[in-house]
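Take a look at the sequence and the structure shown here.

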Amino acid sequence: MSNIRIGDYLVSKGLITEEQLMKVLEKQKESQGSKRFGEVIIELGFISESKFAKSLAQKLKVPYVDLANVEIDYEAARKIPESLADKHTVVALNVQGKRLIVATDDPINFNILEDIKVTTGMDIIPVLATKSGIKKAIGKIYQKQKVDSVVEDIVQTNEEEEEDDGSKERVESAPIVKLATTIVENAFRADATDIHIEPFKKYTRIRIRVNGDLVELMNISNVIHNSLITRLKLVAGMNIAEKRIPQDGRFTQVVDGQTIDVRVSSLPTVNGEKMVIRILASGQIALRKITELGMTDYNYGMFEKMLRCPHGVILVTGPTGSGKTTTLYAALGEIAKPNVNVITVEDPVEKNIDGINQVQVNTKAGMTFAAALRSILRQDPDIVMIGEMRDAETAEIGIRAAITGHLVLSTLHTNDAASTITRLVDMGVPAYMVATSLIGVVAQRLVKVLCPKCKKPRQSTDEENELMGVRQSVTIYDSCGCPECNGTGYKGRTAIHEIIHATSDIGQLVVDGANKDMIEQVARTNGTKLLRDNVAQLVKNGTTTIDELVRVTYAI
């Protein structure tokens, strides 16, 4: 088995077909030796990177390591200089006696191992990890010293020259370019969704939003604030001369081999321009399947039933940043087949999806949601996605489109599923139209997931039992904080959902002008599980904390 080629090994294990193997070998031949077999097969999407790495590790009889769940000894890691780690895509994990455990994606490359041995003066034990995992780890390990040296360079340059004015020549200097790139890289590696660059009198604070909370990334001298903002405005295609009005822009950046889409917004404040950068994943990591949205099997079954309907309106609701667009994109990925015409109207288009016609709203040019929708309905669509039902006109055109035989997906900002139905009527859409066109509503929130390494069990109090709707004390967990979760006590987020099917009895309630509570009552009878029921289940499972239950569902 050890002499067999990796492609034949994957076929023998049933992970790929003979036909797929031929395609990979053909593509590899076309690259004229510039790409390895593993790179080509992952690129073609025949196997995931982690699956390929695990299979390779089994074949080579080398331990496989998932770097996302391994504690790296930073002191051991820095025994390998950053330049060498980058050159060979390797990262040292820890020291065992006089031997260094090194993660690599090419554990049988003698030259790499020999190079590290000569540099560190230690014997090397290779373990296998994914290339993207190693690159992410390299970024995290060396980022602090990288930022410090870059900031030092900029301050030194500014001291040697006159006061920083954010001029074009200065912001194209290497240190500023490096700093702007490094900030985005570090935020992406920390799984942040936003970067805040905030100017104050004596310093500029840079914070990143991780798992919904703002965490300080670094403070930098305010003498380089103007240059940094100008550099970011330059790459985002914004007007660098205009500092008195808010502006928007976007750019793309490659981090650890992945292309990320970055949205930029600037706002003038008393101390200078504040900038917020939104990080949007693009390419392979952007589109998630419905099964990856964190829905319970019960809710997934309800959502799937809604997507089977040939026409009508499906609404996803929740506050800003609750993952509504991700849910809509996942739904589109499920129902967009080659035999249907799918058109979206968005502001802005967050992720480009193959095979779907996406329209960007441009209010200045008169391309509003309503104007775009009217044109779209003459484009013979089967499925229409409206980024957001912002006004009565957009809502009414969307509802009319559903009545005339289209499947319409959209979002709305409301607190729960039941109030969404009454909101449509309040917006001026006739109640009979809402009743006849609505398929269902999905309300969602994101809750933080407890770090599995440091969560602490305890028994719930009477007050907590009441919040969870249980009669006796159960084991629940508190967040603590450890190096694995950067001291936050949480690692990642998951979504909770509340799904209401617009059945005939709910339709009758809408026509009769029923309020939110009456709709909710009937929905529960029909099998809807409220947001609080779903998050209470997560607390009982040890997935999240009672604090998150209160934060997400508290109401007076």
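## Helices H19 and H20

H19 and H20 run roughly antiparallel to each other, because an angle over 145 degrees counts as such and their axes cross at roughly 170°. This is a predicted model. H19 spans residues 504–511, and H20 spans residues 516–525. Their axes come within 10 Å.

Which residues make the contact? From H19 come Asp505, Ile506 and Leu509. From H20 come Met518, Ile519, Val522 and Ala523. By class, six residues in this contact are nonpolar, none is polar and one is charged.

## Helices H21 and H22

H21 covers residues 531–541, and H22 covers residues 546–553. The two pack at an angle of about 170°, with their axes 9 Å apart. H21 is therefore roughly antiparallel to H22. The crossing is right-handed.

On the H21 side, the contact is made by Leu531, Arg532, Val535, Ala536 and Val539. On the H22 side, Ile546, Leu549 and Thr553 take part. Sorted by class, the contact of H21 with H22 has six nonpolar residues, one polar and one charged.

## Helices H14 and H15

Are H14 and H15 roughly parallel or roughly antiparallel to each other? The axes of H14 (residues 369–376) and H15 (residues 392–403) cross at roughly 20°. An angle under 35 degrees counts as roughly parallel, so H14 and H15 are roughly parallel to each other. Their axes come within 9 Å. The crossing of this pair is left-handed.

H14 brings Phe369, Ala370, Leu373 and Arg374 to the contact. These meet Glu393, Thr394, Ile397 and Gly398 in H15. By class, the contact of H14 with H15 has four nonpolar, two polar and two charged residues.

## The nonpolar cores

In soluble globular proteins, nonpolar side chains tend to be buried together. Here, the largest nonpolar core has 40 residues. Those with the most contacts inside this core are Val313, Leu315, Met389, Ile421 and Leu424. A second, separate core has 29 residues, including Ile197, Ile220, Val255 and Val262.

What does Ile421 touch, beyond its neighbours within four places in sequence? Ile421 is in contact with Val434, Leu438, Val441, Ile500, Ile506, Val510 and Ile519.

## Ser419 in H16

Ser419 lies in helix H16, which covers residues 417–426. Is Ser419 buried or exposed? Its relative accessibility is 16%, and under 20% means buried, so Ser419 counts as buried.

Not counting residues up to four places away in sequence, Ser419 touches Thr414 and Lys516. Ser419 and Ala443 are 24 residues apart along the chain, and their C-alpha atoms are separated by 9.8 Å.

## Gln360 in S12

Gln360 belongs to strand S12, residues 357–360. At 34% relative accessibility, Gln360 counts as partly exposed. Leaving aside neighbours within four places in sequence, Gln360 is in contact with Arg250, Glu346, Asp347, Pro348, Val349 and Met367.

How far is Gln360 from Ile506? Their C-alpha atoms are separated by 35 Å. Along the chain, Gln360 and Ile506 are 146 residues apart.

## Loop residues

Most residues other than glycine have a negative phi. Lys61 has a positive phi of about 55° although it is not a glycine. Lys61 lies in the loop between helix H4 (49–60) and helix H5 (74–77). At 69% relative accessibility, Lys61 counts as exposed. Asp380 also has a positive phi, near 50°, and is a residue other than glycine. Asp380 sits in the loop between H14 and strand S13 (383–386). Its relative accessible area is 62%, so Asp380 is exposed.

Where is Gln32? Gln32 is in the loop between helix H2 (18–30) and helix H3 (37–43). Gln32 is exposed, with a relative accessible area of 73%. In sequence, Gln32 and Val118 are 86 residues apart. In space, the two are 31 Å apart, C-alpha to C-alpha.

Methods. Residues numbered from 1 in each chain as written. Predicted model: local features only at pLDDT ≥ 70, side-chain atom pairs only at ≥ 80, totals over all residues. Heavy atoms only, no water. Axes fitted to C-alpha atoms, helices over the stretch in contact; angles between N-to-C directions. Helix = DSSP H or I, 4+ residues; strand = E, 2+ residues; numbered from the N terminus. Parallel < 35°, antiparallel > 145°, perpendicular 65-115°, else oblique. Left-handed = near helix turned anticlockwise from the far one by under 90°. Contact = heavy atoms within 4.5 Å. Nonpolar A, V, L, I, M, F, W, Y, C, P; charged D, E, K, R; others polar. Core = buried A, V, L, I, M, F, W, Y, C linked by side-chain atoms within 4.5 Å. Buried < 20%, exposed > 50% of the residue type's maximum accessible area, 1.4 Å probe, protein only.
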